[in-house]
Amino acid sequence: MPNLEKFLAKNKSMIIAPAGYGKTHTIVECVKLCTAEKKCLILTHTYAGIASIRDKMKREQVKCSKYLLETISSFALQCMNAFHIDKSSIPNIEDDEYFNFAVDTAIRVLRSKPFKEVIKSSYSHLIVDEYQDCTQRHHKLILLLSNILPTHIFGDPLQGIFGFKGEPLVDMESVEEVGGLNQNIDVLDTPWRWNNANATELGSALANIRSLLLRQEKIDLSHYKNSIDTVIVTEKNYPLYLKTIRQKINTSSTTSLLLIHPDAIRITSRLNIAKRCSPIRLIESIDHNDFYEYAKQFDEMYGNDLIVSILSFMKSITSTTQIKNWFKDDCTLKSKRSDVDKKISKGLELAITQLSRNKTSINIATLIEAIFHLPQNKCCRRELLSDILKSLRSSSVTGDTIYESMKKNRDIVRIYGRSVIGKCIGTTLLTKGLEFDTVILLGAHKFKDPKNLYVALTRASRKLIIITENFVLSPYK
């Protein structure tokens, strides 16, 4: 462990932190050492990262009064919402330029002397997590803050996987580019994630693989049979591929299990696996368009079009087969014979009738919940369902549109983060910073970037299962 008192005493300093080597613990220890009455400002990139740091702070009984924890984006958004006068010029949240506009606005605000004084009087130190994921735009914002506050950054060049729609990332290894933040460098050197989980062999294997990745050498998984469970199967034989995944899920005794899919762009493949491998659920992108698109549809549609939209929504997040057992293709209800089924059908019919006669947010929510609770129906997108229902209920109270309520709900997630637990499927972009007892890495041969592969491999604290077409991985373009 580096001498953290010396680390904090420097006006600018950096710690290189390989995955699983105690970065979050070190950040917490830094906050503990800050004795000033002012808070530490902690900025990171992901909502999973916020949840991880906040949980660690609670476990270590660090008072909330000692720190303020935000994503860089949410910090910039607050600056934009508070100080940008012409609100009509702010891009729509679905616009690719929305967050860039917020960061650019924060940069302009930080150049003003009054705001500099506000920052200086409010915070004692700035700690930035996951610095390797900072774009040049983020880096510009942090450099301005580093001229106001002692600034300490944590990162790992091998985990820089966020491209933010093609924007270039900062080069942590460039003395010229980092702007003095790497004047004082320390390195974390103990693999605590695996030591604490009594999985030292796995930790050693991953340390060895890290060295190979840094040297851009091929990885022969047959050399790690004692610590990594590798299964050779091709996705072209999809029934066998799914059977293998189900078998590994079902034979895992832990409830902390993550499937990592190599395709970070398209949601379809992950959704298909989640629907076919219950009880796996999807980890959602914080601003996936579905959150806003369905909210808009429920605002705009009426009558039968609204019923069709609701059924389409439910088919996308629950069992299509179960919904087809109750609804015809024209969205009318099927006839049922048993008394139990007739009672359920009557409840559905009542919910549809009430919604058709009187479109309200509560009536939409009532129908969605009735479909969700159909016998043997299972939901693989719990976060999307939960936020739709929250937005509907909030809309009925505040009078906001469902879309506006959704925006507010997602903003809350941005600020407070979210905990990702249970059995899930995600991508490296959605799970970076998280750890699970067991990780099943799907299609490892498809990873053509060493950074994404390294992040994927290091999410497992106890057991790592790799499903691939061959033992030798060469994740270099």
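Q: Which residue stands opposite Ile-466 in strand 13?
A: That's Leu-441. A quick heads-up: this is a predicted model, where local features need pLDDT of at least 70, side-chain atom pairs count only at pLDDT 80 or more, and totals for chains, interfaces and linings use all residues. Residues are numbered from 1 along each chain as its sequence is written, and side-chain values use heavy atoms, leaving out hydrogens and water.

Q: What makes strand 12 and strand 13 a pair?
A: Two strands pair if DSSP finds at least two bridges between them. Strand 12 (residues 436-442) and strand 13 (residues 460-468) are joined by six bridges and run parallel, so they pair.

Q: Why is helix 10 called roughly antiparallel to helix 21?
A: Angles run from 0 to 180 degrees between N-to-C directions, and over 145 counts as roughly antiparallel. The axes of helix 10 (residues 200-214) and helix 21 (residues 450-457) cross at roughly 175°, so the helices are roughly antiparallel.

Q: How do you know that the span of helix 14 agrees with what it should be?
A: The expected span is 1.5 Å times one less than the number of residues. For the 15 residues of helix 14 (residues 303-317) that should be 21 Å, and the end C-alpha atoms are 22 Å apart, which agrees.

Notes. Helix = DSSP H or I, 4+ residues; strand = E, 2+ residues; numbered from the N terminus. Parallel < 35°, antiparallel > 145°, perpendicular 65-115°, else oblique.
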